[in-house]
Amino acid sequence: MKVKVYEYSKCGTCRNAIKWLKAKGIEFESIPVIEQPPAKEELKKMIKLSGLDIRKWFNTSGEVYKELKLKDKLPGMSEDEQLELLAGNGRLIKRPVVTDGHKVTVGFKEEQFEEMWGRT
């Protein structure tokens, strides 16, 4: 099994996730999320697979999120508008995003990774 990892090289959480995947011998393709955010349709599919509300996909501690005052704006935005934001700016996406096309994790929690990716 090969997974896609949307990550940012300066992100400690991303580095921890990659270290975990390597330790488990899981092959992965690393995709720089800032330069190559997932397209809107791919995001829509991944959000559905993750089972998470779209707002859980936003990097709420990031500068761009704060600059755009999204904490106040997101509740009033349509899902389509939120998808446009995420697809248009990789800095807004919570990372890392790991997917094999059938399942998805967002962020890195070892227990969650063990449950999702540990039984490959």
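The expected span of a helix is 1.5 Å times one less than its number of residues, where helices (H or I, at least four residues) and strands (E, at least two) are DSSP runs numbered from the N terminus. At 1.5 Å a residue, the twelve residues of helix 1 (residues 12-23) should span 16 Å, and the end C-alpha atoms of helix 1 are 16 Å apart, which agrees. The model is predicted: local features need pLDDT of at least 70, side-chain atom pairs count only at pLDDT 80 or more, and totals for chains, interfaces and linings use all residues. Residues are numbered from 1 along each chain as its sequence is written, and side-chain values use heavy atoms, with hydrogens and water left out.

- The buried residues of helix 1 are C14, A17, I18, W20 and L21; buried means under 20% relative accessible area, exposed over 50%, and partly exposed in between (1.4 Å probe, protein chains only).
- These residues cover an arc of only 160° around the axis, which puts them on the same side of helix 1; the arc is that of the directions from the helix axis to the C-beta atoms.
- An α-helix has 3.6 residues a turn, so residues three or four places apart point the same way.
- On the other side of helix 1, K19, K22 and A23 are exposed.
- The cover over the buried residues of helix 1 includes strand 1 (2-7), strand 2 (27-32) and helix 6 (110-117), where contact means heavy atoms within 4.5 Å.
- G25, with a positive phi near 75°, follows helix 1.

**Cysteines**

- The structure holds zero disulfides, a disulfide being a pair of cysteine sulfur atoms within 2.5 Å.
- C14 has a relative accessible area of 0% and is therefore buried.
- C11 also counts as buried, at 10% relative accessibility.

**Aromatic pairs**

- A pair of aromatic rings is described by the distance of the centres and the angle of the planes.
- Rings of Phe, Tyr and Trp (its six-membered ring) pair if their centres lie within 6.5 Å; planes under 30 degrees apart count as stacked, over 60 as edge-to-face and the rest as tilted.
- Three aromatic pairs are found in a search of the whole structure.
- One of them joins W20 and F113, whose ring centres are 5.3 Å apart with planes at 90°, so the pair is edge-to-face.
- Because W20 lies in helix 1 and F113 in helix 6, the pair ties together parts that are 93 residues apart in sequence.
- Both W20 and F113 are buried.
- The rings of F58 and Y65 have centres 6.3 Å apart and planes at 55°, so this pair is tilted.
- F58 is buried, with a relative accessible area of 2%, and Y65 counts as buried at 10% relative accessibility.
- Ring pairs link W20, F108 and F113 into a cluster.

- E79 is placed in helix 5 (residues 79-88) and counts as partly exposed at 47% relative accessibility.
- R55 is 24 residues from E79 along the chain, and their C-alpha atoms are separated by 9.1 Å.
- Q82 is also in helix 5, and Q82 is buried, with a relative accessible area of 4%.
- A polar atom of the Q82 side chain lies 3.2 Å from the backbone oxygen of M77.
- Not counting residues up to four places away in sequence, Q82 touches I54, R55, F58, L74 and M77.

**Helix 2: L43**

- L43 lies in helix 2 (residues 40-50) and counts as buried at 0% relative accessibility.
- L43 and L83 are 40 residues apart in sequence, and 7.2 Å apart in space from C-alpha to C-alpha.
- Apart from neighbours within four places in sequence, L43 is in contact with P38, W57, L83, L86, A87 and I93.

**Backbone features in the loops**

- Most residues other than glycine have a negative phi, and most peptide bonds are trans.
- K69, a residue other than glycine, has a positive phi near 55°.
- K69 is found in the loop between helix 3 (63-67) and helix 4 (70-73), and K69 is exposed, with a relative accessible area of 53%.
- The peptide bond from R95 to P96 is cis, with omega near 0°.
- P96 is found in the loop between helix 5 and strand 3 (97-99).

Technical notes: Polar contact = N/O pair within 3.5 Å; in protein donor to acceptor, adjacent residues only side chain to side chain.
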